[in-house]
Amino acid sequence: MARTILVVDDSRTVRQQVSSALQDAGFEVIEAADGVEGLDQLNAHSEVAAIICDINMPRMNGLELVESIKARTATLPVVMLTTEGQSELIQRAKAAGARGWIVKPFKPDLLVSAVRKLTAAQA
């Protein structure tokens, strides 16, 4: 059975790039344009195995989304995919429960490898 990944990013281009890389690797992908939509998708799709999430988004940013997710389910792995690289933000994301951090522009093979590791750990 294919693993389902939720991709949350306000950039349609980034969502398409991430989705393409993951789909080529055999994953199912659900997309959301911000944290609010991400929570809605998560509520609608209990089969989500991992989340790839941007930091800077309107309505609800990535850190708020991670904090909200972790309050409900501490086991769902989240990887932050962002242009931000400050150690303070990375520490805050990890404290909130993020399991990984990838800086844009990303290498598709590294992203797929990270997602495979996180979803295999749950199996």
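Reader: Hi! Before we start, what does "buried" mean here?

Author: Hi! Buried means a relative accessible area under 20%, exposed means over 50%, and partly exposed is in between. Keep in mind that this is a predicted model.

Reader: Good. Which residues of α1 are buried, then?

Author: In helix α1 the buried residues are Val14, Arg15, Val18, Ser19, Ala21 and Leu22. Looking down the axis of α1, they fall within an arc of 165°, so they line one face of the helix. On the other side of α1, Arg12 and Asp24 are exposed.

Reader: How many residues does α1 have, and how far does it reach?

Author: Helix α1 covers residues 12-24, which is 13 residues, and reaches 18 Å from its first C-alpha to its last. That is close to the 18 Å expected at 1.5 Å a residue. Just after α1 comes Gly26, with a positive phi of about 95°.

Reader: Let's switch to the sheet. What is the strand order?

Author: The order is β2-β1-β3-β4-β5, an open sheet of five strands with parallel pairing. Its edge strands are β2 and β5, each pairing on one side only. On average, neighbouring strands of this sheet are turned by 25° against each other, direction ignored.

Reader: Over how many bridges do β1 and β3 pair?

Author: Five bridges, in the parallel sense. As an example to look up, Leu6 has Ile51 in β3 as its bridge partner.

Reader: And which strands does α1 touch?

Author: Helix α1 packs on the sheet and touches β1, β2, β3 and β4. The direction of α1 makes about 170° with that of β2.

Reader: Okay, charges. How many salt bridges are there in the whole structure?

Author: A search of the whole structure finds four. One of the pairs is Lys104 with Asp9, whose side chains meet at 2.8 Å, N to O. This pair links distant parts of the chain, 95 residues apart: Lys104 is in the loop between β5 (100-103) and α5 (108-122), and Asp9 is in the loop between β1 (4-8) and α1.

Reader: Is Lys104 buried or exposed?

Author: Lys104 is buried, at a relative accessible area of 17%, and that counts as buried because the cut-off is under 20%. Asp9 is buried as well, at 2% relative accessibility.

Reader: Which residues are linked with Lys104 in a network of salt bridges?

Author: Asp9 and Asp54 are linked with Lys104 in a network of salt bridges.

Reader: What about Asp34, which residue does it form a salt bridge with?

Author: Asp34 forms a salt bridge with Arg59, and the closest N and O atoms are 2.7 Å apart. Asp34 lies in the loop between β2 and α2 (35-44) and Arg59 in the loop between β3 (48-53) and α3 (62-72), so the pair ties together parts that are 25 residues apart in sequence. Asp34 is buried at 7% relative accessible area, while Arg59 is exposed at 60%.

Reader: I'm checking backbone angles too. What is the phi of Arg59?

Author: Arg59 has a positive phi of about 65°, although it is not a glycine.

Reader: Noted. Where is there a cis peptide bond?

Author: A cis peptide bond joins Lys104 and Pro105, with omega about -5°. Pro105 is in the loop between β5 and α5.

Reader: Last topic, threonines. What does Thr82 touch?

Author: Thr82 touches Asp54, Ile55, Trp101, Ile102, Val103 and Lys104, leaving aside residues up to four places away in sequence. Thr82 lies in strand β4 (residues 78-82) and is buried, with a relative accessible area of 0%.

Reader: And where does Thr119 lie?

Author: Thr119 lies in helix α5 and counts as buried at 4% relative accessibility. Again leaving aside residues up to four places away in sequence, Thr119 touches Arg3, Ile5, Phe27, Ala49 and Ala50.

Reader: Great, thanks!

Conventions. Residues are numbered from 1 along each chain as its sequence is written. This is a predicted model: local features need pLDDT of at least 70, side-chain atom pairs count only at pLDDT 80 or more; totals for chains, interfaces and linings use all residues. Side-chain values use heavy atoms; hydrogens and water are left out. Helices (H or I, at least four residues) and strands (E, at least two) are DSSP runs, numbered from the N terminus. The expected span of a helix is 1.5 Å times one less than its number of residues. Buried means under 20% relative accessible area, exposed over 50%, partly exposed in between (1.4 Å probe, protein chains only). The arc is that of the directions from the helix axis to the C-beta atoms. Contact means heavy atoms within 4.5 Å. Two strands pair if DSSP finds at least two bridges between them. Axes are lines fitted to C-alpha atoms, for helices over the stretch in contact, and angles run from 0 to 180 degrees between N-to-C directions.
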